[in-house]
2 protein chains.
Amino acid sequence: MKIVGVNIKRLREDQGLTLRALAKKLGISASFLSQVESGKASPSLATLKSISDALTTTVGSLVGEEQKIDDNPIVRLSERKHVQEAGKGINMYLLTSRDPNKQMEPLLFKLKEGAISGAASYKHFGQEFVMVLRGYIEITLNEIVYTLRKGDSIYFNSSVPHAFKNIGKGESEAIWVITPPTF
Amino acid sequence: MKIVGVNIKRLREDQGLTLRALAKKLGISASFLSQVESGKASPSLATLKSISDALTTTVGSLVGEEQKIDDNPIVRLSERKHVQEAGKGINMYLLTSRDPNKQMEPLLFKLKEGAISGAASYKHFGQEFVMVLRGYIEITLNEIVYTLRKGDSIYFNSSVPHAFKNIGKGESEAIWVITPPTF
DNA sequence: TAAATTTGTTAATTTATACTTGACAATAAA
DNA sequence: TTTATTGTCAAGTATAAATTAACAAATTTA
């Protein structure tokens, strides 16, 4: 976890803080903070949390979970990759290239007439955003049924049991952005 | 940091793992894992990282930096809130209700003919996803120009200098999802 | 029904390491 | 020069991370 120290040092210097100033703010010794920054020691979780607070960032950031991405950024309509059928008549297409450093995973869902998802409660932490582009889609969240038509959008936690089906005539289409990426 | 244990336990159980099974996978004792889950002990940063890996999640998640959301999840086409003009002829609409716990911020951009953004390099960490719904939009990333038409999408880091303009005849429209929320 | 596993939890130790103290050279200010 | 102030290091202490082993309760097997 050497990256932690590097990040702390960078943020501290960006904010014009000396080693001793930050250490005092945290109630730890400057010496120890120095060791942490150089990777010679590792802070306890509690200390790391207070460091992230003092630097107005997050533990996740400090451990390097919010990274850079910089590949080919674009995906053309014609180049979308088909991912999988999440049920019969349900097709998903990637709207960005696969990249573990991405925080979001934008997908295009195409639902054939009558297509219906398995009632699923995906158990990973994460959130989902859906906006209907074409047709009518019914989404059930925790037993509550929402009917969405073109232009309507919905946002929910991946952990809540959710299912959906196409209740329109013909194909329906929606943008589906989930976090974190799973494909 | 008691929340850490709670989250670990929930994820472990969700994945059908026993205390001993996960502990073995991690190379630590089941006993210690039990203490961690109940908040009686706190794992080292290194151990926490291996736990988050084993549970296919992140340290940030485990320490509770990715929180629950559970308000009214839906935003109808007719109910979209106008946010601000990010330049002349550029209108943004919220596609979800404001919520600091959300990881994403989905917006609808409407660009009048000829509308052009100020060249901006937003300096917060974060990422952006854009998909054009209507018209033609030109996006410049780091001096590189991309022309997007209906159905094309792009994904980039908020930290890279970016600007955009509507180069189509008439209004153009795009879905714009940014992370983390700023509005 | 009882024996045998397997579950999660706790108390008592050990061991590792988080953290401190104090001194150091290097730089910058007085 | 003197006096602070910077970051770093070696050595020591003390905290708590992690283990061992034994436990009752629940499941499984016979």
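Strand β6 (residues 136-141) of chain B runs antiparallel to β9(B), and 5 bridges join the two. Two strands count as paired if DSSP finds at least two bridges between them. Helices (H or I, at least four residues) and strands (E, at least two) are DSSP runs, numbered from the N terminus. Opposite Glu138(B) stands Lys165(B) in β9(B).

The model is predicted: local features need pLDDT of at least 70, side-chain atom pairs count only at pLDDT 80 or more, and totals for chains, interfaces and linings use all residues. Residues are numbered from 1 along each chain as its sequence is written, chains are lettered from A and ligands numbered from 1 in the order in which they are written, and side-chain values use heavy atoms, with hydrogens and water left out.

In chain B, 3 strands make an open antiparallel sheet in the order β7-β6-β9. Because β7 (144-149) and β9 (162-166) of chain B are at the edges, each with a single partner strand, one side of each has no neighbour in the sheet. The twist averages 20° from one strand to the next; axes are lines fitted to C-alpha atoms, for helices over the stretch in contact, and angles run from 0 to 180 degrees between N-to-C directions.

Chain A also has an open sheet of 3 strands, ordered β7-β6-β9 with antiparallel pairing. Here β7 (144-149) and β9 (162-166) of chain A stand at the edges with a single partner strand each, so one side of each is left without a neighbour in the sheet. The average twist between one strand and the next is 20°. Strand β6 (residues 136-141) of chain A is joined to the antiparallel β7(A) by 6 bridges, and Thr140(A) has Val145(A) as its bridge partner in β7(A).

DNA strand C is surrounded by 20 residues, the closest being Ser29(A), Ser42(A), Thr47(A), Arg20(B) and Ser31(B). A residue is near a strand if one of its heavy atoms lies within 4 Å of it. At least two residues of this surface come from each of α3 (30-37) of chain A and α1 (2-14), α2 (19-26) and α3 (30-37) of chain B. The residues divide into 5 nonpolar, 11 polar and 4 charged; Ala, Val, Leu, Ile, Met, Phe, Trp, Tyr, Cys and Pro count as nonpolar, Asp, Glu, Lys and Arg as charged, and the others, Gly among them, as polar. Sugar or phosphate accounts for 53% of the atoms of DNA strand C within 4 Å of the protein, and bases for the rest.

Around DNA strand D there are 19 residues, with Arg20(A), Ser31(A), Ser29(B), Ser31(B) and Ser42(B) the closest. Of the atoms of DNA strand D within 4 Å of the protein, 57% belong to sugar or phosphate.

| Protein atom | DNA atom | Distance |
|---|---|---|
| Gln35(A), side chain | base oxygen, DNA strand C | 3.0 Å |
| Arg12(B), side chain | phosphate oxygen, DNA strand C | 3.1 Å |
| Lys40(B), side chain | phosphate oxygen, DNA strand C | 3.1 Å |
| Leu19(A), backbone | phosphate oxygen, DNA strand D | 3.0 Å |
| Arg20(A), side chain | base nitrogen, DNA strand D | 2.8 Å |

In chain B, α2(B) and helix α4 (residues 45-54) pack at about 115° with axes 10 Å apart. In contact (heavy atoms within 4.5 Å) are Leu22(B), Lys25(B) and Leu26(B) of α2(B) with Ser50(B), Ile51(B) and Ala54(B) of α4(B).

Methods:
A polar contact is a pair of N or O atoms within 3.5 Å; within protein, one must be able to donate a hydrogen and the other to accept it, and residues adjacent in sequence count only if both atoms are side-chain atoms.
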